[in-house]
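Dear colleague,

Please find the structure below, handed over together with a written account of what was found in it. I would be grateful if you would read the two side by side.

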Amino acid sequence: MFGKISFFGYNNNMKIDIAIIGAGPAGLTAGIFTSRAGLKTVCFEKLAIGGQAALSYEIANYPGFESISGFDLTQKMHAQAESCGTTFIYESVKKLKKLKNGFSIQTTENRYLAGKIIIACGCKTRKLGLENELQLTGRGISYCASCDGGFFKNKVVAVVGGGNTAVEDVKYLARIAKKVYLINRSQKFRAGNHAIEQLKKFKNLEIIKNAQVKKLFGAEKLEKISVLIGDETKDIKVDGLFIAIGYEPDLSFLDIDVKLDKYGYILVDEKMRTNVDDLFACGDITGKSFKQVITACADGAIAGNSCIEN
């Protein structure tokens with residue numbers, strides 16, 4: 001049940017009771033609960049604190065905050081988890097194995113042992129799957145408007161998607177870009193009506209429905225996109241394309257027979273328990289239909305409490 005940390009000045013015999021994989025809202029909340037209960041908790045994060053939530057330009061449905069950026073909200077969660085005693089290690093988990101007593105965690109740099117695991121790694125962004133997509137990523141194509149939008153000030157950009165993330169991207173980009181296209185593959189949006197209503201105030205926004213991006217043009221950088229609108233194809237010159245078509249699970253690090261649903265998400269019970277003893281999962285990596293910051297936090301609280309109880 002005990003792990004070893006051999007860098008950053010930690011004691012080589014530090015006990016790891018709970019290892020959390022992922023420092024988004026679910027993982028941060030779980031850490032608050034387990035650390036407060038006196039369990040030595042280590043949270044592994046491969047990129048940055050807050051996960052996808054930290055990239056949200058504005059969150060207006062989290063109780064206690066009429067409006068707050070995702071970055072600010074998750075930074076508050078991080079500070080609270082640290083103050084409760086959660087230790088954060090910025091390494092990517094490459095393999096998770098079940099042992100007779102506990103789990104083995106292999107990262108890019110070290111190997112650790114822990115008594116219980118909470119998987120809260122969220123999901124990865126879904127790609128369009130077009131020929132030049134990978135080549136042009138970072139050269140006009142982006143999956144994060146709040147990260148890269150500043151590079152497109154007074155330029156022409158397009159956003160692909162019809163959910164809340166796509167709408168948030170448009171709201172952010174329309175304030176700095178010369179022109180924004182919102183391309184949605186169907187007539188209806190998956191985003192809420194309130195979010196869609198907010199888009200009407202942007203005069204530099206053009207919404208294209210029943211449309212799909214079919215081709216990307218450009219060698220060194222993105223120059224234009226080919227869009228199928230109904231039965232007609234139209235080429236649109238853009239400097240940037242922001243892809244916001246959802247997320248998909250990435251559990252390639254699992255070397256354990258964990259039950260998944262038909263879409264590849266982890267199946268859990270009402271206490272966030274998987275089919276494997278002492279292995280829990282919470283947040284967007286589970287097969288839940290309603291995915292919000294507040295529901296991720298609720299999952300994290302339940303997972304953390306379940307670790308305390310068991």
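**Helix packing**

Helix 1 (residues 25-36) packs against helix 7 (residues 293-309) at an angle of about 35°, and their axes are 7 Å apart. Helix 1 passes helix 7 in a right-handed crossing. On the side of helix 1, the contact is made by Pro 25, Ala 26, Thr 29, Ala 30, Phe 33 and Thr 34. Helix 7 contributes Val 293, Ala 296, Cys 297, Gly 300, Ala 301, Gly 304, Cys 307 and Ile 308. Of the residues in this contact, ten are nonpolar, four are polar and none is charged.

The terms used here are as follows. Helices (H or I, at least four residues) and strands (E, at least two) are DSSP runs, numbered from the N terminus. Axes are lines fitted to C-alpha atoms, for helices over the stretch in contact, and angles run from 0 to 180 degrees between N-to-C directions. A crossing is right-handed if the near helix is turned clockwise from the far one by less than a right angle, and left-handed if anticlockwise. Contact means heavy atoms within 4.5 Å. Ala, Val, Leu, Ile, Met, Phe, Trp, Tyr, Cys and Pro count as nonpolar, Asp, Glu, Lys and Arg as charged, and the others, Gly among them, as polar.

**Basis of the model**

This is a predicted model, in which local features need pLDDT of at least 70 and side-chain atom pairs count only at pLDDT 80 or more, while totals for chains, interfaces and linings use all residues. Residues are numbered from 1 along each chain as its sequence is written, and side-chain values use heavy atoms, with hydrogens and water left out.

**Strands and hairpins**

Two strands are taken to pair if DSSP finds at least two bridges between them. Strand 13 (residues 211-217) and strand 14 are antiparallel and share six bridges. Phe 217 has Lys 224 of strand 14 as its bridge partner. Six residues lie between the strands of this hairpin of strand 13 and strand 14, where Gly 218 takes a positive phi near 140°.

Strand 14 (residues 224-229) also pairs with strand 15 (residues 232-237), in the antiparallel sense and over six bridges. Lys 224 stands opposite Lys 237, and Leu 228 has Thr 233 as its bridge partner. The hairpin of strand 14 and strand 15 has two residues between the strands, and Gly 230 there has a positive phi near 65°.

Strand 9 is joined to strand 16 (residues 240-243) by two bridges, and Ile 141 is paired with Leu 241.

**Cysteines**

With a disulfide defined as a pair of cysteine sulfur atoms within 2.5 Å, the count comes to one disulfide. The bond is formed by Cys 144 and Cys 147, whose sulfur atoms are 2.1 Å apart. The link is right-handed, with 70° about the S-S bond.

For accessibility, buried means under 20% relative accessible area, exposed over 50%, and partly exposed in between (1.4 Å probe, protein chains only). Cys 144 is buried at 10%, whereas Cys 147 is partly exposed at 43%.

Cys 282 is buried, with a relative accessible area of 1%, and Cys 307 is buried at 2%.

**Positive phi outside glycine**

Asn 154 has a phi near 60°, a positive value in a residue other than glycine. Asn 154 is located in the loop between helix 4 (145-148) and strand 10, and is exposed at 56% relative accessible area. Met 272 is likewise not a glycine and has a positive phi of about 65°. Met 272 lies in the loop between strand 17 (247-248) and strand 18 (279-281), and is buried at 8%.

With kind regards
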